[in-house]
Amino acid sequence: MSLRNVVVEGDPILRKKSRPVDEITPRIIKLLDDMADTMYYENRGIGIAAPQVGVLRRVFVVDVGDEHGKLEFINPEITMREGTQVFCEGCLSVPGKNADVERPERIKIKALDRDGKEFELEADGLLAVCICHEYDHLEGILFIDKAIDGQINVMEESDDE
């Protein structure tokens, strides 16, 4: 297991557009594995994109705890957006803040898996929100940029841990 440092708001890498993956190499596979480890074990997140660990590649991993389990996306493209929904979002790269963000209710996305095979997925609800959130990272966009009415909440720290 390899954990990577999560880049936080203020680092210019989070505002840059990621480059496509030209070839799925052992380095890309390691990146996917490290991102999943970082998401699960270090930060308990439900999604993480390569720019969040300092790599400007079009790669992200999500796991919202549903029947899909962990999903890996290489060179993703959202091909359909439908409806709207509002979720209160947070982000590993924007610690201590959350905001209501309007996202599509349903999406269709195509991408490559770690074996280089193209797949297509339809998602709704939380999975659609998570995919759109991570996709935005590849475009240099943070959820706070899309906060409804610019309202960003600062969360109070808890003494639970």
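The sections below cover the basis of the model, its strands, its cores and surface, and its salt bridges.

## Basis of the model

The model is predicted: local features need pLDDT of at least 70 and side-chain atom pairs count only at pLDDT 80 or more, while totals for chains, interfaces and linings use all residues. Residues are numbered from 1 along each chain as its sequence is written, and side-chain values use heavy atoms, with hydrogens and water left out.

## Strand pairing

Helices (H or I, at least four residues) and strands (E, at least two) are DSSP runs numbered from the N terminus; two strands pair if DSSP finds at least two bridges between them. Two bridges pair strand S5 (residues 97–103) with S8 in the antiparallel sense, and Lys 97 has Val 154 in S8 as its bridge partner.

Strand S6 runs antiparallel to S3, to which it is joined by six bridges, and antiparallel to S7, to which it is joined by seven. Lys 110 in S6 stands opposite Glu 77 and has Glu 120 in S7 as a bridge partner. Five residues separate S6 and S7 in a hairpin, where Gly 116 in the turn has a positive phi of about 85°. In a regular strand the side chains alternate between the two faces of the sheet. The covered face of S6 has Ile 107, Ile 109 and Ala 111, whereas Arg 106, Lys 108, Lys 110 and Leu 112 are on the uncovered one.

## Nonpolar cores and surface patch

A nonpolar core is a set of buried Ala, Val, Leu, Ile, Met, Phe, Trp, Tyr and Cys residues joined through side-chain atoms within 4.5 Å; buried means under 20% relative accessible area, exposed over 50%, and partly exposed in between (1.4 Å probe, protein chains only). The largest core has 19 residues, of which Phe 60, Val 62, Phe 73, Leu 127 and Ile 131 touch the most other members. Strands S2 (59–62), S3 (71–82), S6 (106–112) and S7 (118–124) and helix H2 (125–138) each give two or more residues to this core, and H2 supplies the largest share, seven residues. A second, separate core of 13 residues includes Val 21, Met 35, Val 53 and Val 61.

On the surface, Met 1, Leu 3 and Tyr 41 form a nonpolar patch. Tyr 41 lies in helix H1 (residues 26–42) and is exposed, with a relative accessible area of 54%.

## Salt bridges

There are 15 salt bridges, each a side-chain nitrogen of Lys or Arg within 4 Å of a carboxyl oxygen of Asp or Glu. Asp 34 meets Arg 4 in one of them (3.0 Å, N to O). Asp 34 lies in helix H1 and Arg 4 in the segment before H1, so the pair ties together parts 30 residues apart in sequence. Asp 34 also forms a salt bridge with Lys 30, with the closest N and O atoms 3.0 Å apart. Asp 34 is buried at 5% relative accessibility, whereas Arg 4 is partly exposed at 26% and Lys 30 is partly exposed at 40%.

Asp 136 and Arg 103 form a salt bridge whose closest N and O atoms are 2.7 Å apart. Asp 136 lies in helix H2 and Arg 103 in strand S5, so this pair ties together parts 33 residues apart in sequence. Both Asp 136 and Arg 103 are buried. A network of salt bridges links Asp 33, Lys 70, Glu 72 and Arg 114.

How values were computed. Patch = residues over 30% accessible without salt bridge, like charges linked within 9 Å, V, L, I, M, F, W, Y side chains within 5 Å. Areas by Shrake-Rupley, 256 points an atom, 1.4 Å probe, with all protein chains shown as cover.
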